[in-house]
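Open the model in a viewer and keep the sequence panel at hand. The stops below are given in the order in which to select them.

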Amino acid sequence: MVVALSVEQGVNRLVVETENKQVVDALNFPEQDCEPALTRRVRQEPNGARGLRQGDPLSSFIFFLAMHVLSKMLNLAATKRVFGYHPKCKRIGLTHLSFADDLMIFCKGNADSIMGILIVLDHYNEISGLHLNSSKCEIFIAGCSSRTLDFFQQITGLKNGSLPVRYLGIPLVTRKLTEKYCAVLIDKIKQRLHHWSNRDLSYAGRLELIRSVLFSVSNYWYRHLILPHSILLKVDQLCSRFFWKGEEKAVAGARVNWEFIYFLKAEGGLGLKNTKTWNKACTIDLIRKILVGDGSLWVAWLKFYIFKEHEFWNYVAGSNVRWNINRMLKMHPTVFPIFSTSDSLRLRDIWDSIRNKREKVSCHKLIWFPLHIPKFSLIAWMALLNRLPTRDRLLKMGINTEWTCVNCSNDQETRNHLFTQCTLVFSSLELHSAA
Ligand SMILES: [Zn+2]
C-alpha cells in the first residue's frame with residue numbers, strides 16, 4: 001500500500017516548537033549550532049505570537065529539518081514494527097520517499113500498518129505543528145477486495161487514488177512509456193514557445209532559449225526515462241519551428257538541415273544536442289550506475305528485487321520485468337564497447353562517444369571567438385554555409401525577384417558578390433574607416 005501525502009507548511013509554529021528543542025533534540029544537533037540562527041530570525045508580534053517573517057529564506061531550511069525528523073520517525077516506527085514494510089521495500093528498509101512537501105509512505109496493506117502510520121503522523125503533528133493537507137492526500141492499495149478498500153478509506157479518511165501517478169513531474173509507469181504519458185512535457189514546451197512567440201527574437205536569441213530553457217525542461221525527462229521516438233521527434237520539431245519561424249509553424253525551406261545544427265560548433269554546427277542521442281546517452285548512464293552500484297536507492301532496489309544474485313548482463317528478464325529494464329538489457333552490444341575502456345565515464349563522455357561526428361572546420365574560431373556577439377556570429381555562420389537569402393538563392397527557390405545586386409545593380413547578387421566584390425559595400429566601408 002502507498003499513501004501519497006502533502007504536508008501543509010506551518011513554519012511559524014514550527015519555529016516556536018523548534019525553540020522548545022523538540023525538533024533539535026530529535027535531530028541530535030548541538031544546541032549552540034541551531035539556536036543563535038533561529039532566535040535571531042524569530043520576531044515577536046504585537047499580539048504576542050512569534051514566528052519568521054513571510055518569505056524568510058530560513059523557513060525552507062527549517063521545513064527541511066522538520067521533514068527529516070518525520071523521515072527518522074517513520075524509519076524508527078518500521079523497525080519497531082509499529083507498521084509493516086511494503087513487501088517490495090523491506091529488504092532495503094524503505095518506508096517513504098519525500099521531496100519538499102510531497103511525501104509517499106509505503107507500508108504493508110493491512111489495518112494494523114495503516115493505524116501505525118496514522119499514530120506516527122499524529123505524534124509528528126503534535127511535536128512539529130505540521131499536519132496533512134487531506135484534500136491533497138491519496139491512498140493506493142493493490143490486491144485487496146473492495147470491502148477492505150472501503151474499510152481502509154473509512155479509517156484513514158483519505159480518498160482512493162488510481163495509478164499511474166506522477167511523482168516530481170514525471171509519470172510512474174512500469175510499462176512502455178506512451179505518448180499519452182508524455183503529453184505533459186510537450187504541453188510545457190508549447191507553453192514556453194507560445195510565451196516567446198510574440199517577441200521579436202533574433203536567431204541567436206532563439207538558439208539560446210532552445211539551448212538553455214527548453215533543454216532544461218526536457219532534460220529532466222531524458223535523465224530518468226526512455227522516451228518514445230515519436231515524442232523525441234516532436235520535441236525536435238517544436239525546437240526547429242521555433243528557431244526558424246519564431247513560432248509553431250511548419251518550416252518549409254529551412255536554411256540549414258536540423259541534423260546539421262546538432263554538430264558541435266567546431267564541426268560547423270551550432271552545438272545543440274540531438275534529443276534521441278542525448279536520451280540514449282542518459283539511458284547508458286543509468287546502466288553505468290547499475291554496473292558500478294552507485295549507491296542510489298534505485299540501484300539498491302533493482303539489486304534486491306530484480307537482479308538479486310545475478311549480474312546485470314547475465315540477467316534473463318522474465319515477463320514481469322519492467323519494460324525499461326528489458327530495453328536496457330537489449331543495449332548490451334552498444335554499451336559494452338563504451339565501458340570496455342573505463343566504467344567511470346561521465347554522461348558527457350558517453351554522449352560524445354555515441355553522437356554523430358564530422359571533421360572539425362578551421363574557420364569556427366573566426367565565428368565563435370571569445371566575446372563574440374551571438375547575433376552577428378550566427379549571420380556569419382549562415383554566410384559561410386551560403387544560406388543567407390541572397391537574390392540568387394531566392395531565384396533558385398522559385399521566388400520572383402530581381403537578380404541584380406540591391407546595392408550596386410552592377411552584378412548578380414550572390415554571397416560572394418556582397419561580401420567580396422560589391423563596390424558600394426566596399427566604398428561605404430572605406431568611408432566609414434576614413435571617418
Ligand atoms: Zn553589389
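For the helix packing angles in this tour, axes are lines fitted to C-alpha atoms over the stretch in contact, and angles run from 0 to 180 degrees between N-to-C directions. The model is predicted.

**Whole chain**

Start with everything shown as a cartoon. The chain holds 20 helices and 10 strands. Of its 435 residues, 21% count as buried. Take the contacts between residues at least 6 apart in sequence: 61% of them join residues at least 24 apart.

**Helix 11 against helix 15**

Select residues 275-292, which are helix 11, and residues 347-354, which are helix 15. Their axes lie 9 Å apart, and the packing angle is about 125°. The two helices are therefore oblique to each other. Helix 11 passes helix 15 in a right-handed crossing. Now show side chains at the contact. Helix 11 contributes Thr277, Trp278, Lys280, Ala281, Cys282, Ile284 and Asp285, while helix 15 contributes Leu347, Ile350, Trp351 and Ile354. Sorted by class, this contact has eight nonpolar, one polar and two charged residues.

**Asn279**

Stay on helix 11 and pick Asn279, which is part of that helix. Is Asn279 buried or exposed? Asn279 has 24 C-beta neighbours inside 10 Å, so it counts as buried. Asn279 and Tyr222 are 57 residues apart in sequence, yet their C-alpha atoms are 4.9 Å apart in space. Leaving out residues up to four places away in sequence, Asn279 touches Tyr222, Ile226, Leu227 and Leu232.

**The nonpolar cores**

Select Ile210, Leu227, Ile231, Cys239 and Ile287. Within the largest nonpolar core, which has 36 residues, these five touch the most other members. At least two residues of this core come from each of helix 7 (179-197), helix 8 (203-224), helix 9 (229-245), helix 11 and helix 17 (374-384). Which helix gives the most to this core? Helix 11 does, with seven residues. Centre the view on Cys239: apart from neighbours within four places in sequence, Cys239 is in contact with Ile210 and Leu214. Then move to Leu70, Leu103, Ile105 and Phe106, which are among the members of a second, separate core of 21 residues.

**Helix 5 against helix 6**

Select residues 111-128 for helix 5 and residues 146-156 for helix 6. Here the packing angle is about 20° and the axes are 11 Å apart. Angles under 35 degrees count as roughly parallel, and helix 5 and helix 6 are therefore roughly parallel to each other. Their crossing is right-handed. The contact is formed by Ala111, Ile114, Met115 and Leu118 from helix 5 together with Phe152, Ile155 and Thr156 from helix 6.

**Two loop residues**

Finish with two backbone details. Lys308 sits in the loop between helix 12 (297-307) and helix 13 (323-329). Its phi is near 50°, a positive value in a residue other than glycine. With 10 other C-beta atoms within 10 Å, Lys308 is exposed. Leu371 belongs to the loop between helix 16 (364-367) and helix 17. Leu371 is not a glycine, but its phi is positive, at about 65°. Leu371 counts as exposed because it has 4 C-beta neighbours inside 10 Å.

Key:
Residues numbered from 1 in each chain as written. Predicted model: local features only at pLDDT ≥ 70, side-chain atom pairs only at ≥ 80, totals over all residues. Helix = DSSP H or I, 4+ residues; strand = E, 2+ residues; numbered from the N terminus. Parallel < 35°, antiparallel > 145°, perpendicular 65-115°, else oblique. Left-handed = near helix turned anticlockwise from the far one by under 90°. Contact = placed C-beta atoms within 7 Å. Nonpolar A, V, L, I, M, F, W, Y, C, P; charged D, E, K, R; others polar. Core = buried A, V, L, I, M, F, W, Y, C linked by C-beta atoms within 7 Å. Buried ≥ 20, exposed ≤ 12 C-beta atoms within 10 Å, placed from the backbone.
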